[in-house]
Amino acid sequence: MALTAFHCGLEPDGHADMAWHINDFGFEMTLSSYVPRMIKQGIGRLTAGLLADLPVQLADIRAFAIHPGGRKILESIEQALGLTTHDNRFAYQVLRNYGNMSSATVLFVMRELLRTLTPADTGAPVLSFAFGPGLTLEAMLLTVAWGAELPLEIQRNAEQLENAAILPA
């Protein structure tokens with residue numbers, strides 16, 4: 001898969017509802033029951049921000065790799081974006097088999113999605129979401145890239161991302 005676009009959002013009211021704390025026994029995570037509601041409120045804006053300048057609409061996307069922070073989080077996203085449990089099947093599969101493993105969990109979801117792709121899926125958009133402390137909301141639009149050839153538009157987007165990542169000295 002090739003990265004087409006990335007967008008980050010923040011729900012600052014959730015800074016205490018999803019947080020990591022370091023104590024004598026390592027990292028301890030706070031995850032309140034309000035997180036699904038906050039994600040539901042912000043996921044539409046996040047998606048709109050991601051897709052705003054792209055020739056892709058949410059209705060064009062048939063593949064999803066969503067971080068399964070919990071069943072209620074997945075259900076909130078489905079309700080907000082009009083997705084089905086089938087659209088979200090890879091997230092549910094990973095949640096059922098492994099649970100929420102923090103940041104790495106979305107990579108397990110992508111792995112399950114990748115196992116189902118074929119060369120016929122080349123060029124298909126994949127929407128991915130992840131969430132973190134603060135409450136941060138991250139969105140990626142990926143494109144299925146089978147083999148070495150990437151569409152010119154993806155190559156241009158990748159170059160823009162590389163140039164944007166270079167910080168002045």
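Which residue just after H3 takes a positive phi? Gly99 does, at about 80 degrees.

**Basis for all views.** This is a predicted model, in which local features need pLDDT of at least 70, side-chain atom pairs count only at pLDDT 80 or more, and totals for chains, interfaces and linings use all residues. Residues are numbered from 1 along each chain as its sequence is written, and side-chain values use heavy atoms, with hydrogens and water left out.

**View 1. Helix H3 against helix H4.** H3 covers residues 89–98 and H4 residues 105–114. Both are DSSP runs, numbered from the N terminus (helices: H or I, at least four residues; strands: E, at least two). They pack at an angle of about 120 degrees, with axes 9 Å apart. Axes are lines fitted to C-alpha atoms, for helices over the stretch in contact; angles run from 0 to 180 degrees between N-to-C directions. H3 and H4 are therefore oblique to each other. Angles under 35 degrees count as roughly parallel, over 145 as roughly antiparallel, 65 to 115 as roughly perpendicular and the rest as oblique. On the H3 side, the contact (heavy atoms within 4.5 Å) is made by Phe90, Ala91, Gln93, Val94 and Tyr98. H4 supplies Thr105, Phe108, Val109, Arg111, Glu112 and Leu113.

**View 2. Helix H2 against helix H3.** H2 spans residues 71–81. The H2 and H3 axes lie 11 Å apart, at an angle of about 175 degrees. The two helices are therefore roughly antiparallel. Arg71, Leu74, Glu75 and Glu78 of H2 meet Ala91, Tyr92 and Leu95 of H3.

**View 3. The buried residues of H3.** Phe90, Ala91, Tyr92 and Val94 are buried, that is, under 20% relative accessible area with a 1.4 Å probe, protein chains only. They pack against strand E4 (63–66), H2 and H4.

**View 4. Surroundings of Met140.** Met140 sits in strand E6 (residues 136–143). Its C-alpha atom is 8.8 Å from that of Cys8, 132 residues away along the chain. Leaving out residues up to four places away in sequence, Met140 touches Leu3, Ala5, Phe6, Leu50, Met110, Val126, Leu127 and Ser128.

**View 5. Confidence along the chain.** The protein averages a pLDDT (the predictor's confidence in each residue, from 0 to 100) of 84. At least 70 is scored by 78% of the residues. Where pLDDT is low, the predicted coordinates should not be read in detail.

Methods. Buried < 20%, exposed > 50% of the residue type's maximum accessible area, 1.4 Å probe, protein only.
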